[in-house]
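Please read the following note beside the sequence and the model. The points are numbered for reference.

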Amino acid sequence: MTSLHLLLWIVSGIVLQVAIYLGIGFWRHWQEYQALRSRAVEFNLPVKAPLPTAASELATASWPGFRTFRVERKVTEDIAQSVCSFYLMPKDGQALPPFLPGQFLTFRLDLPTTAGTEQIIRCYSLSDAPRPDSYRVSIKRVLPPEGTQLPAGRSSSFFHDQVAVSSLLQVRAPAGHFHIERSDTPVVLIGGGIGITPMLSMLNWCLTEQPGREVWLFYGVRDGSELVMRSHLETLAAAHPNFHLRVCFSKPLPEESTGRDYHHAGRIDLALLRMELAFKPYHFYICGPAPLMESLVPALADWGVPDAHIHFEAFGPASVVRKQAATSAAVRPQSEAEEAGIVVTFAQSGKQLPWQPTAGSLLAFAEANGIAVDSGCRAGGCGTCQTTIRAGAVAYRQSPDYDPDPGTCLLCVCTPKTSVTLEV
Ligand code: FES
């Protein structure tokens, strides 16, 4: 054999090896691609029909108007002493109807003023699973932002400083469309700051009622001093292998370390979710401050999570716009051409503005244009944002729990149907 033949044999061998290597690589990728495709189909399947004992079958708790509750217990829940739980029992001693985990209570408070009292309405999420004897809300004291002269939150200060054991409170029945359903799909709960409260209700209910369901909780706070019910969460995580707790500190203290005090440094974001979660048809429940909601909800949609799998509730004037909201018939009952000519007049504020469908609700539209409107639940459950319609008509995105008076509307859950003049 000449050296030329030998060289040809060597080159042929190398070419054959490369071809085999590429072939195996291609085959493996093809297999993975096929698996991903079939899981993607599964991902877009509708949620399985609720099981026979679905949360949706729980009668939504209801009584007309306000009912008197007595505060049975007050418990401070964090090292910073900024979150306090209030255990409430009905004064009439009757059993409480159940509620849907994630719902809230509406309180009518008589705040003392120099001239007497002022009545205000405020809503707080229920923070425990339904019980027949009591409700629990966990309230954070709202402090003014550092360096500002703004006053502290009036209702949260009232609860922390003036509501004591044995105090009586006026409470409307649980309400709200943000709640978990019984299902066998895995669930991801995301709570930012005091947005943990509805997540606690969902988590406690889920682990009790559906002990095998896969549940993740991503809980974001600044540092350990703000962590609410730490030992309760750690006990649940140790007792339930299907529950995965991930605590995120955005500004950990120097003495705090990853692995011991928290799982991740930084805010909850899509990169973290992608790193932690497998490719499964998760349902996401999110509650937190506006920046968290405004970044995470669209990011999940961009990641390919179906709109029906993203459930959220925002604090304050968050302007979360669903990806599908721009085209959903439920949200946009009219054609773009029809909406283009709609004008909203805020009579007391003296503002006349062309309607922008992307604003979401009329409440969000008012706030985006600098018009202050009192609001409570922002979900059609408390009546705080009710205002008179002087002219025109509105449409509701979903039927509200609170029945507005004739000739009025609930700004937080409606959009203009025609050009409209509102009292505010
Ligand atoms: S803010 Fe509660 S009904 Fe609108």
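1. Q81 is exposed, with a relative accessible area of 58%; buried means under 20% relative accessible area, exposed over 50%, and partly exposed in between (1.4 Å probe, protein chains only). Although Q81 is not a glycine, its phi is positive, at about 55 degrees. Q81 is placed in the loop between β1 (66–76) and β2 (83–90); helices (H or I, at least four residues) and strands (E, at least two) are DSSP runs, numbered from the N terminus.

2. The model is a predicted one, in which local features need pLDDT of at least 70 and side-chain atom pairs count only at pLDDT 80 or more, while totals for chains, interfaces and linings use all residues. Residues are numbered from 1 along each chain as its sequence is written, and side-chain values use heavy atoms, with hydrogens and water left out.

3. M229 also is not a glycine and has a positive phi of about 55 degrees. Its place is in the loop between β8 (215–221) and α4 (230–239). Is M229 buried or exposed? M229 is buried, with a relative accessible area of 7%.

4. The structure holds 15 aromatic pairs. Rings of Phe, Tyr and Trp (its six-membered ring) pair if their centres lie within 6.5 Å; planes under 30 degrees apart count as stacked, over 60 as edge-to-face and the rest as tilted. The ring centres of W216 and F218 are 6.0 Å apart and the planes stand at 10 degrees, so this pair is stacked. W216 is buried at 7% relative accessible area, and F218 is buried at 0%.

5. Y282 and F284 form an edge-to-face pair, with 6.2 Å from centre to centre and 65 degrees between the planes. Y282 counts as buried at 2% relative accessibility, and F284 is buried at 1%. Elsewhere, ring pairs link F86, F107, Y124, F158 and F159 into a cluster.

6. Five strands form an open sheet in the order β14-β13-β19-β15-β17, with mixed pairing; two strands pair if DSSP finds at least two bridges between them. Why does one side of β14 (351–354) and of β17 (408–410) lack a neighbour in the sheet? Both stand at the edges, each with a single partner strand, so one side of each is left without a neighbour. Strands of a sheet pair through backbone hydrogen bonds, either parallel or antiparallel. Strand β15 (residues 386–391) and β17 run antiparallel and are joined by three bridges. T388 has T408 in β17 as its bridge partner.
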